[in-house]
Amino acid sequence: MLKLKVEEMSCGHCVKAVTEAASSVNDVEKVEVDLAGGLVTVSGHPDSAAVIAALDEAGYPAQQVG
């Protein structure tokens, strides 16, 4: 499981965009977004750098936490 702090999320559209971006990475099984907390949890066995790059490219800078 990968936990990320994601910047710039403020609405339902952001949640959808972040979910789609993270889901596009190989080996991602599930994406859960905590909009209020600015946290994204990614289940599966994805390459963390690839998930972070996908989110950055979508306009949502992210960094791994925990």
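Trainee: Leaving aside neighbours within four places in sequence, which residues is Thr41 in contact with?

Mentor: Thr41 is in contact with Met1, Leu2 and Lys3, and also with Lys30, Val31 and Glu32. Contact here means heavy atoms within 4.5 Å. This is a predicted model, in which local features need pLDDT of at least 70 and side-chain atom pairs count only at pLDDT 80 or more, whereas totals for chains, interfaces and linings use all residues. Residues are numbered from 1 along each chain as its sequence is written, and side-chain values use heavy atoms, with hydrogens and water left out.

Trainee: In which element is the place of Thr41, and what makes Thr41 count as buried?

Mentor: Thr41 is placed in strand S3, residues 39-44. Strands (E, at least two residues) and helices (H or I, at least four) are DSSP runs, numbered from the N terminus. Buried means under 20% relative accessible area, exposed means over 50%, and partly exposed lies in between (1.4 Å probe, protein chains only). Thr41 has 18% relative accessibility and therefore counts as buried.

Trainee: Which residues does Ser43 touch, not counting those up to four places away in sequence?

Mentor: Ser43, also found in strand S3, touches Asp27, Val28, Glu29 and Lys30. The C-alpha atoms of Ser43 and Lys30 are 5.0 Å apart, although 13 residues separate the two along the chain.

Trainee: Why is Asp34 called partly exposed?

Mentor: Its relative accessible area is 37%, so Asp34 falls in the partly exposed class. Asp34 has its place in strand S2. Beyond residues up to four places away in sequence, Asp34 touches Met9 and Leu39. Its C-alpha atom and that of Ser24, ten residues apart along the chain, are separated by 19 Å.

Trainee: What makes H1 oblique to H2?

Mentor: Helix H1 (residues 12-23) packs with H2 at an angle of about 140°, and the axes are 8 Å apart. That angle makes H1 oblique to H2. The classes are roughly parallel for angles under 35 degrees, roughly antiparallel over 145, roughly perpendicular from 65 to 115, and oblique for the rest. The axes are lines fitted to C-alpha atoms, for helices over the stretch in contact, and angles between N-to-C directions run from 0 to 180 degrees.

Trainee: How does H1 pass H2, in a left-handed or a right-handed crossing?

Mentor: The crossing of H1 and H2 is right-handed. Its contact is formed by Val18, Ala21 and Ala22 of H1 together with Val51, Ala54 and Leu55 of H2. By class, this contact has six nonpolar residues, no polar and no charged ones. Nonpolar covers Ala, Val, Leu, Ile, Met, Phe, Trp, Tyr, Cys and Pro; charged covers Asp, Glu, Lys and Arg; the others, Gly among them, are polar. As for handedness, a crossing is right-handed if the near helix is turned clockwise from the far one by less than a right angle, and left-handed if anticlockwise.

Trainee: What is the phi of Glu8, and why is Glu8 called exposed?

Mentor: Phi of Glu8 is near 75°, a positive value in a residue other than glycine. Most residues other than glycine have a negative phi. Glu8 is found in the loop between strand S1 (2-6) and H1, and a relative accessible area of 56% makes Glu8 exposed.

Trainee: What is the phi of Asp27, and how do you know that Asp27 is exposed?

Mentor: Asp27 has a positive phi of about 75°, although it is not a glycine. Its relative accessible area is 54%, and Asp27 is therefore exposed. Asp27 lies in the loop between H1 and strand S2 (28-34).

Trainee: What makes Pro61 partly exposed, and which residues is Pro61 in contact with, neighbours within four places aside?

Mentor: Pro61 has a relative accessible area of 36%, so it is partly exposed. It is placed in the loop between helix H2 (48-57) and strand S4 (62-64). Pro61 is in contact with Lys5, Val6, Glu7, Glu8 and Asp56.

Trainee: Why does Gly59 count as partly exposed?

Mentor: Gly59 lies in the loop between H2 and S4, and its 41% relative accessibility makes it partly exposed.
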